[in-house]
Amino acid sequence: KKMTNHNSVVSLLCAALAMAPHVEGFSLHVPSFAKSRLTASQSSFAACQPRLRPAFSPILARNNRPFPGSALSMTRMQDQSMLSWNVDEVVSWLEAEGFSSDWTEAFTQNEIDGEALQLLKDPEVLDRMGVPKPMGIRLKFWQRLDNLANGRPSGSASATLSRSSTSTLSRPGTSTLTKPDVDDEEANEFTSPGAILGASTQAPMGTVGDMLVAEEKRFIDAVAELLAELDADDRDVTLLLDLKDNLNQLYSVVVVGEFNAGKSSLINAILGGRFCKEGVVPTTTTINLLRFGDGTEAGRTQRNKDYCELFLPVQLLRQVTMVDTPGTNAIIREQTKLTKGFIPQSDLILFVTSAERPLTETEGRLLEYIRQWGKKVVMILNKVDLFTQDEELEEVRAFVRENTEKILGVAPPVFAVAGRLALQAKLSRAAGGPSAEADAAWRRSRFEELEGYITATLSDNSVTVRTKLETPLGVAARFLDNYR
Ligand SMILES: Nc1nc2c(ncn2[C@@H]2O[C@H](COP(=O)(O)OP(=O)(O)O)[C@@H](O)[C@H]2O)c(=O)[nH]1
Ligand SMILES: [Mg+2]
């Protein structure tokens, strides 16, 4: 059930895909090379489909919801006119609702008139009629039939669900997701700050990237429509549509961890300046977005309710938006909520844990939460200058690796660094200080390896584009898992 890797994300998406073909304007012509990019395996969308079928009917049964076309809803029938339809009229209705010729032919051959139509609630009857199998399309059929029988507007009219149709909804507050994955009452509680990242710079994706983004936007619209039909919370649908809008934005790296783990110091070390406030007591009370800005923009800050943007003349920020979070802390619950709210929007998570107290219980719970969103995680074991022995360091690094793997299901890269020393080295070099000293601090900081990884990740377009594409997919998969 849980999202352990990209393949399970993709298999859920296949489930959505199988349910989605009848959404108006929906098509998925993903080139085969792109499919393998998305799935990271040989599995194609088609190959995933059979897994869908056994899954759906028991789920509907478990939810104790009648099939839309079941006897229960049919007793509410108000519009009697369909009962007098002949076969041609039934077929015209099917066509108008967007069902394929496989459907209309099966209806013609089996001489389904209006009276027979209202009895078509049994999946086995549809099987015997030779109607296509995907349960998603059948569900839509029952839904349309139910609308017809109850004199409601056609379902296809709602198939054009778009951002504008949800923009009047209340802004995301505390999500109502109640998936009991973690026995922590806060586990699923988050405040989504909305599409923060969707503010400025466009990400250069390349032609193939742009094409995939366009396809994925259609796909997300289809999933959003599906979620709406599954009575998903409006706020969840809004989040998904916000993420769709974020697809064209810069890659975002979000730094999370408990307060005092050294998140702000790490960002400063990466950027080479004291831009984020550091301190022994929780200092960062808002989410800070670090974006590129030079000339008159340099140093400008823009405050909003839950976040603050800083524009800095640092080249790396042309490629990424770095995000400093307040961190999680059992005492300051508001900050924990803010941090959690931001996680769904991130493309890459740098999870900072301190050598003083590597992987605490609350950090474990935060990782659990992150995993539910299908995020790519890089672990940073910070403050390694506190170790006097290399063996000690390696032992703790192994501990972090093993335990994060247990939680995430995949082993993320683990970097052991001393952020504070790395920043000292960079600042001292920039100020023209004694180079031997700076070099020694730099070596002790072990920062080289992490920087190499970050640069390699960001300069590989296929990695960044892929990760960006996966961001809304992981969230979509979680919602589908939650609501189906
Ligand atoms: N010994 C040591 N202390 C560090 C290191 N990085 C940060 N710190 C200290 O840890 C404290 C918390 O750092 P900060 O970056 O504010 O943590 P945050 O709350 O996670 O943002 C500060 O006093 C930092 O000076 C490090 O690499 N080594
Ligand atoms: Mg901080």
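**The ligand site and the cores**

Guide: A backbone N or O atom of Gly419 lies 3.0 Å from an oxygen atom of ligand 1, a polar contact in the sense of a pair of N or O atoms within 3.5 Å. This is a predicted model, in which local features need pLDDT of at least 70 and side-chain atom pairs count only at pLDDT 80 or more, while totals for chains, interfaces and linings use all residues. Residues are numbered from 1 along each chain, chains are lettered from A and ligands numbered from 1 in written order, and side-chain values use heavy atoms, without hydrogens or water. At the ligand, a polar side-chain atom of Ser264 lies 2.9 Å from an oxygen atom of ligand 1, and a polar backbone atom of Gly262 is likewise 2.9 Å from an oxygen atom of ligand 1. Taken alone, ligand 1 exposes 580 Å², of which the protein buries 92% (Shrake-Rupley areas, 1.4 Å probe). Around ligand 1 there are 18 residues (a heavy atom within 4 Å), and Asn260, Lys263, Ser265, Gly279 and Asp385 come nearest.

Turning to the nonpolar cores (buried nonpolar residues joined through side-chain atoms within 4.5 Å, buried meaning under 20% relative accessible area), the largest has 51 residues, among which Leu227 and Phe351 touch the most other members. This core lies between domain 2 (163-245) and domain 3 (250-459), because both give residues to it; the domain bounds come from an automatic or database assignment. Leaving aside residues up to four places away in sequence, Leu227 touches Ala232, Val237, Leu240, Phe479, Leu480 and Tyr483 (heavy atoms within 4.5 Å). A second, separate core of 35 residues includes Leu271, Leu290, Val378 and Ala422.

As for the cysteines, the whole structure has 0 disulfides (cysteine sulfur pairs within 2.5 Å). The sulfur of Cys308 is 9.8 Å from its closest cysteine sulfur, that of Cys276, and is therefore too far for a bond. Cys276 is buried at 4% relative accessibility, and Cys308 is buried at 3%.

Terms used:
Buried means under 20% relative accessible area, exposed over 50%, partly exposed in between (1.4 Å probe, protein chains only). A polar contact is a pair of N or O atoms within 3.5 Å; within protein, one must be able to donate a hydrogen and the other to accept it, and residues adjacent in sequence count only if both atoms are side-chain atoms.
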